[in-house]
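Reader: I'm new to this one, so could you walk me through it slowly, beginning with the aromatic rings?

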Amino acid sequence: LFQTTPERGSFWQPITGKVDKNEPLEVAAKREFEEETGLALPQAPIPIGYEFTYQNIETRYSEHVFEIDLSLFVKNHSPSQISIKLDPMEHQDCRWISAEEAFSLLKYDSNRQALHFLLTELNKSR
């Protein structure tokens, strides 16, 4: 999870971002992952089939949830050995944590629901 800067609320969230004009969702997800972690993703993230919308005062947003296979990076290492380069304009911290910890740290119910959906899908494929 990533902790936003104090100016952005200091809350914990997964990687998020917006889609540029005419940009396919998978391309946007890959770009946002790379921008927010400093890691080069060798393939596009996998859409998990979960979407949600939310509204702030001025704008309605649609979120599309993707899965990234970390085994592409960790091979013989633990996730904590992956070097993440945070964008100091967006995030002040990141942590590799369990799903249980993530449920307790995530600020928004929609993020917890997306995590629950992902875990359910992963359990089906085992």
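**Rings, strands and helices**

Author: Please keep in mind that this is a predicted model. With rings counted as a pair if their centres lie within 6.5 Å, the count comes to five aromatic pairs.

Reader: How are F11 and Y108 arranged as a pair?

Author: F11 and Y108 form an edge-to-face pair, with 5.4 Å from centre to centre and 85° between the planes. This pair links distant parts of the chain, since F11 sits in the loop between β1 (2-4) and β2 (12-13) while Y108 sits in the loop between α3 (99-105) and α4 (109-124), and the two are 97 residues apart.

Reader: Is F11 buried or exposed?

Author: F11 counts as buried because its relative accessibility is 14%, and buried means under 20%. Y108, at 37% relative accessibility, counts as partly exposed.

Reader: And what about Y54 and Y61, how do they pair?

Author: Y54 and Y61 form a stacked pair, with 5.1 Å between the centres and 20° between the planes. Y54 is partly exposed at 35% relative accessibility, and Y61 is also partly exposed, with a relative accessible area of 33%.

Reader: Which residues make up the aromatic cluster?

Author: One aromatic cluster is formed by Y50, F52, Y54, Y61 and F117.

Reader: Let's change topic to the strands; how are β3 and β4 joined?

Author: Strand β3 (residues 46-55) and strand β4 (residues 60-67) run antiparallel and are joined by seven bridges. A hairpin of four residues leads from β3 to β4, and across this pairing E51 stands opposite H64 in β4.

Reader: In what order do the strands of the open sheet lie?

Author: The open sheet has three strands in the order β2-β1-β5, with antiparallel pairing. Its edge strands are β2 and β5, each of which pairs on one side only. Between β1 and β2 the antiparallel pairing extends over two bridges, and there Q3 stands opposite W12 in β2.

Reader: Tell me about Q3 then, what does it touch?

Author: Q3 lies in strand β1 and, leaving out residues up to four places away in sequence, it touches S10, F11, W12, E90, H91, Q92 and D93. A polar atom of the Q3 side chain also lies 3.2 Å from the backbone oxygen of S10. Q3 counts as buried, because its relative accessible area is 15%.

Reader: How far is Q3 from L118?

Author: The C-alpha atoms of Q3 and L118 are separated by 21 Å, and the two residues are 115 apart along the chain.

Reader: What span should α4 have?

Author: At 1.5 Å a residue, the 16 residues of α4 should span 22 Å, and this agrees with the 23 Å between its end C-alpha atoms.

Reader: Which residues of α4 are buried, and where do they lie around the helix?

Author: The buried residues of α4 are S110, N111, A114, L115 and L118. Seen down the axis of α4, these buried residues fall within an arc of 140°, so they line one face of the helix.

Reader: What do they pack against, and what is on the face turned away?

Author: The buried residues of α4 pack against β2, β3, β4 and α3, whereas the face turned away from the buried side carries the exposed residues N123 and K124.

Note on methods: Residues numbered from 1 in each chain as written. Predicted model: local features only at pLDDT ≥ 70, side-chain atom pairs only at ≥ 80, totals over all residues. Heavy atoms only, no water. Phe/Tyr/Trp six-rings, centres within 6.5 Å; stacked < 30°, edge-to-face > 60°. Buried < 20%, exposed > 50% of the residue type's maximum accessible area, 1.4 Å probe, protein only. Contact = heavy atoms within 4.5 Å. Polar contact = N/O pair within 3.5 Å; in protein donor to acceptor, adjacent residues only side chain to side chain. Pairing = 2+ DSSP bridges. Expected span 1.5 Å × (residues − 1). Arc of directions from axis to C-beta.
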